[in-house]
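Please keep the sequence and the structure in view while reading.

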Amino acid sequence: MHYPWALILPHIVLAGAAFLIFCIGALRLRSPRRLPFVLSLAASGAAGLIPLLGPDPASSSGLIDGSGFGMFFQVLICLLTFLVLLFTGTYARARNFERDELYAPILLAALGMILVSGARDWIILFIGLEMLSIGLYVLIAVRPDLPGSMEAALKYFVLGAVASAFLLFGAGLLYAATGQTGLAASVGQTPDGVLLLGVAFVLVGLGFKLSLAPFHLWTPDVYQGAPAPLTGFLATGSKVAAIAALLRIILAASPETMTVLAPILWVLAALTMIAGNIAALTQQRLKRMLGYSSTAHMGYVLMALLAVPVIGPEPVMFYAAVYVCMDLGAFGALAMLSPPESDLDDSSELSSLGYSRPWPAAVFGVSLLALAGLPPTAGFMGKFFLFRAALEGGYPVLAGLGMLTVAVAAYYYIRPLTLLYASEPGREPPAVRISPAGHCALALALLGLLALGIAPALVLDAVGGISVP
């Protein structure tokens with residue numbers, strides 16, 4: 001079978017760069033200290049550019065999607081990886097843990113995310129899920145001096161294994177019911193009991209990765225224990241990949257399957273929005289608050305996913321890009337504000353930092369405004385398109401519930417802003433010098449937050465009319 005090599009060239013670039021970085025570390029080659037960082041940046045940038053120059057957008061292999069849908073998520077994941085590397089380089093260098101076991105797992109996890117988002121076969125989807133999970137296990141524990149780091153890695157390892165087991169068992173049931181390992185070929189058939197049970201198990205597996213309630217309880221603990229920029233990678237990359245996989249399943253599912261799934265997804269979306277926002281209201285620790293916040297945002301996404309068979313995937317794809325800018329901006333800016341010994345996590349530690357550290361504090365503040373859905377940020381336009389999709393898709397009650405939870409969420413997003421700019425000066429944590437890479441990352445995050453809010457057509461025109469093969 002003729003294979004479009006340009007389609008897998010980004011995968012080869014990421015895997016090759018990770019292998020080279022491991023070799024540099026294992027052989028202790030005399031090289032510039034920042035060579036692994038530079039190689040990682042170059043690999044993620046090249047992997048993101050190749051889809052724009054390489055394969056025909058209409059081409060796909062039997063296993064990997066080469067259409068516009070697959071290329072969109074591949075480019076988005078490579079861009080977020082590039083931004084994470086910029087934040088992580090500054091953060092790790094200031095704390096002296098800049099090693100090969102930091103950068104190589106980032107690239108391998110990114111490769112797994114690309115495989116999950118572009119998989120047209122259950123085998124590729126499972127391989128990608130395991131690859132991204134193993135990379136994230138390492139990254140969560142990469143800084144063992146951070147309080148709760150090893151505990152967070154262990155929790156994510158155990159629950160990640162459970163999620164993978166659910167997904168693999170569901171894929172096995174789908175194969176038993178249809179004799180197909182192709183994703184669209186299996187879920188697109190007229191359902192019977194075995195097929196529906198398989199889809200349910202797959203949904204549970206992806207629910208863990210998306211932090212959907214009631215599968216979300218691991219999220220705040222893991223977010224609190226992981227280093228801040230890598231928490232941003234976990235919060236965005238794994239969720240974007242899982243959104244792409246779930247979007248592909250919903251678009252490929254038969255009408256009879258969707259008739260059964262729709263009420264389940266409705267309940268999950270409502271429960272996720274309510275549980276995430278109510279839990280975030282009580283949090284004083286920033287990472288835990290952002291963890292529950294990410295759960296709430298996945299509820300909004302699931303609400304729009306219900307309407308995808310009617311109105312198409314564009315609102316969800318747009319919000320995936322918006323979510324990357326919002327969460328990476330928040331966690332990246334938090335990393336730039338943090339003292340060397342630990343991440344800034346208690347809300348009281350934000351006191352007056354808006355005046356003493358204006359640049360990272362401004363990016364953090366704009367990220368919070370975007371997460372709250374206030375104009376002119378990207379978060380406002382993203383939520384607008386999600387709620388409009390839910391209304392047009394025939395889910396007005398769910399959309400109304402979502403709007404109420406957004407109003408509730410404004411309280412816990414605005415509270416840190418008041419500490420940044422309206423509180424009395426407190427004990428200021430020791431400042432960490434921000435490198436040029438860190439300044440570049442902050443600028444790119446802020447640009448994305450404002451550009452997608454002011455000119456959403458930048459992404460909407462790119463995803464308009466995209467079909468999923």
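1. The expected span of a helix is 1.5 Å times one less than its number of residues. In this predicted model, helix 10 covers residues 228-252, a run of 25 residues. From its first C-alpha to its last, helix 10 reaches 36 Å, close to the 36 Å expected.

2. A separate matter is the empty space inside the model. Rolling a probe the size of a water molecule over the atoms shows where empty space is left. The count comes to three cavities of 30 Å³ or more, and the largest cavity has a volume of about 80 Å³. Helix 8 (193-210), helix 10 and helix 11 (255-281) each give two or more residues to the lining of the largest cavity.

3. Among the residues lining the largest cavity are Trp122, Leu174, Val199, Leu246, Ile250 and Leu265. By class, this lining has eleven nonpolar, no polar and no charged residues.

4. Gly179 lies in the loop between helix 6 (149-178) and helix 7 (183-187). Because its relative accessibility is 45%, Gly179 counts as partly exposed. Gly179 and Phe37 are 142 residues apart along the chain, and their C-alpha atoms are separated by 45 Å.

Methods: Residues are numbered from 1 along each chain as its sequence is written. This is a predicted model: local features need pLDDT of at least 70, side-chain atom pairs count only at pLDDT 80 or more; totals for chains, interfaces and linings use all residues. Side-chain values use heavy atoms; hydrogens and water are left out. Helices (H or I, at least four residues) and strands (E, at least two) are DSSP runs, numbered from the N terminus. On a 1 Å grid over the protein atoms alone, a cavity is a set of points where a 1.4 Å probe fits but cannot get out, and a pocket is an open set with protein on both sides within 12 Å along at least five of seven lines; lining residues have an atom within 4 Å of a point. Grid points are joined across faces, edges and corners, and a volume is the space filled by probe spheres set on the points. Ala, Val, Leu, Ile, Met, Phe, Trp, Tyr, Cys and Pro count as nonpolar, Asp, Glu, Lys and Arg as charged, and the others, Gly among them, as polar. Buried means under 20% relative accessible area, exposed over 50%, partly exposed in between (1.4 Å probe, protein chains only).
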